[in-house]
Amino acid sequence: MLEIGSLVDGKYRVLNKCGEGGMSVVYMAINERANKTWAIKEVRKDGVKDFDLVKQGLIVETNLLKRLSHPNLPSIVDVIDSDDSFLIVMDFIEGRTLKDMLAEFGPQPQEDVIDWAKQLCGVMVYLHSRKPPIIYRDMKPSNVMLKPDGTIVLFDFGAAREYKLSSSGDTTCLGTRGYAAPEQYGGHGQTDARTDIFCLGATMYHLVTGHNPGSPPYQMYPIRQWNQNLSAGLESIITKCTQQNPDDRYASCAGLLYDLEHFGEADIAYRKKQIKRFRKFIVSAASAAAFCAASLSFYYLENSEKKSTYDYFISSAEKASGDERIAYYRNAISLEPENEEAWNALLKEFSEDDTFTSDESSMLQSILIAANGGQTNETSFKNKNREGYDKFCFEVGILYYYKLETGNGRMQAKHYFGVAMASEYLSEDQIVRAECLFRISEYYSIIGRVDNTGDSSVSYRDYWDDLVELTAGNLVEMDNPNTAIIMYREMTSQIISRADDFKNSGVTQSEMHEQLENIREHLETDFNSLTESQESGIQDSLKALNESLSQAEQVINSKFGRRSEEQQEEEV
């Protein structure tokens, strides 16, 4: 065992022991140089049977966690394989497990349980949207830490696996008795997202009733059998989560999250009351016309309720932040995929910090392809609201082209610009820009390359001409101030990074200076009519653009030599 006060790997000072399991001990340690507290999980080689097999599992777990980044998941920062032990250095999480909460206080208030379940749903949505999806498979109170601020952290990924479409079934039986779904015991096909939904349902059951589903009689009764004061709506949700047949459970955590947000509306008594009222209304109709009117009334009532719920998701998102905000937008899209409001708000959320991360890209794609009523969200959006979809595609193209943090944004933007350039609804200026960006996206991977004859199919001169076309005209009027700044920064950044290539392909010093002067003129004239809020929202971007203009000027002068006053007058 590690000694209190000892120094691990020359940088982690062990402070105390804070937990012990069947094959591991967890310590609190501090990196004295960084003044940062960490947890160290130690698995001793002499204390574990078949250590090599255990070590292999630990390596899989740590490699899995290293690829993940979510506020409700711990981060792995170091793995130390010493002579006598295997050490994992990770975030130190201050708090108590939900198992400890049950042991000390018994059944937990259903409002708290629902809040924790919604947070866990958010984690599951993130894990299940990875490529390939990650199935956690061991949800239970002892694997959930409650922090002092009320947020939860899911840890211990020893049973997690990546979902493989080609696999016909799991090779091992992993999970915890009582919480594990039937398919986790082998011979029942693959574990998938619905497996995690079962485990989460069993966890909710234990938390609100105080009865461990892994103890005799090994059966989950309706929760109101233990406590009549519990919500019938929550009972219905837990019952649906813990169905033996995966097909009878929620298909995704997004659907479960929606019902948790509306557990009061899901109350059985509420549903019975609504059905009874509707039946009375139908029975009171004495003619076919009345039946028709009743059907129409119910249709409008249903759509009114649907619209009200959609508005609730949008307004809740505006008050939330981070992953919670995105979850609300995702719920709104699932409810009305044809309504562009949530889609556009989602894009604004992804582009707000001027960087479109790979995780955000994966999340957007998972929302687009999510099944919804027999078709994907994207297909429903395109078929029911083509104008909104075309405008959305133009903005997604801009997002991928200019803001994706990885290097293949332009190639991914190509598809969306292809949709936009064929649109009947976009403005002529937007279509021209979409065509130009599509062209650049199409040849971006081969620009400057030569074939066997020594010729280049696409030159930097072509690239320059397209950039000039992109920045022509009043972009603020054609689109909006943010897009204008993005395109001007593209021109300046390309001059900074490719001035030599442009020069060698025949682009003159005067042409480059002319484009910088054009941008300065547009900044002086096109941005004058902005509102106060628009001006305050782009101040940082304008500052960065002006710095980029100055840098581009310096690069041009260094490549060609500084222009004389006579040359400048001739250009004027």
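Glutamine 219 counts as partly exposed because its relative accessibility is 44%, where partly exposed lies between buried (under 20% relative accessible area) and exposed (over 50%), with a 1.4 Å probe and protein chains only. This is a predicted model, in which local features need pLDDT of at least 70 and side-chain atom pairs count only at pLDDT 80 or more, while totals for chains, interfaces and linings use all residues. Residues are numbered from 1 along each chain as its sequence is written, and side-chain values use heavy atoms, with hydrogens and water left out. Here is a short tour, starting with the chain as a whole.

**The whole chain**

- The chain has 22 helices and 13 strands; helices (H or I, at least four residues) and strands (E, at least two) are DSSP runs, numbered from the N terminus.
- Of its 572 residues, 46% count as buried.
- The chain exposes about 28,600 Å², and carbon and sulfur atoms supply 48% of that area, computed by the Shrake-Rupley method with a 1.4 Å probe.
- Among contacts in the chain with a separation of 6 or more, 60% come from residues 24 or more positions apart; contact here means heavy atoms within 4.5 Å.

**Around glutamine 219**

- Glutamine 219 sits in the loop between α4 (193–209) and α5 (232–241).
- Setting aside neighbours within four places in sequence, glutamine 219 is in contact with Tyr205 and Pro213.
- Glycine 178 is 41 residues away from glutamine 219 along the chain, yet their C-alpha atoms are separated by 7.9 Å.

**The six-stranded sheet**

- Six strands form an open sheet in the order β1-β2-β3-β4-β6-β5, with antiparallel pairing; two strands pair if DSSP finds at least two bridges between them.
- The edges belong to β1 (7–8) and β5 (76–81), each of which has a single partner strand, so one side of each is left without a neighbour in the sheet.
- Strand β3 (residues 25–31) runs antiparallel to strand β4 (residues 36–44), and seven bridges join them.
- Asparagine 31 has lysine 36 in β4 as its bridge partner.
- Four residues lie between β3 and β4 in their hairpin, and asparagine 35 in the turn has a positive phi of about 55 degrees.
- Seven bridges also join β4 to strand β6 (residues 85–91), again antiparallel, and glutamate 42 stands opposite leucine 87 in β6.

**Where α6 meets α9**

- Helix α6 (residues 253–261) and helix α9 (residues 322–335) have axes that come within 10 Å and cross at roughly 100 degrees; the axes are lines fitted to C-alpha atoms over the stretch in contact, with angles from 0 to 180 degrees between N-to-C directions.
- On the α6 side the contact is made by Ala254, Leu257, Tyr258 and Glu261, and on the α9 side by Ala327, Tyr328, Asn331 and Leu335.
- These contact residues divide into six nonpolar, one polar and one charged; Ala, Val, Leu, Ile, Met, Phe, Trp, Tyr, Cys and Pro count as nonpolar, Asp, Glu, Lys and Arg as charged, and the others, Gly among them, as polar.

**Serine 366**

- Serine 366 belongs to helix α11 (residues 358–369).
- Its relative accessibility is 10%, so serine 366 counts as buried.
- Beyond neighbours within four places in sequence, serine 366 is in contact with Ser129 and Arg330.
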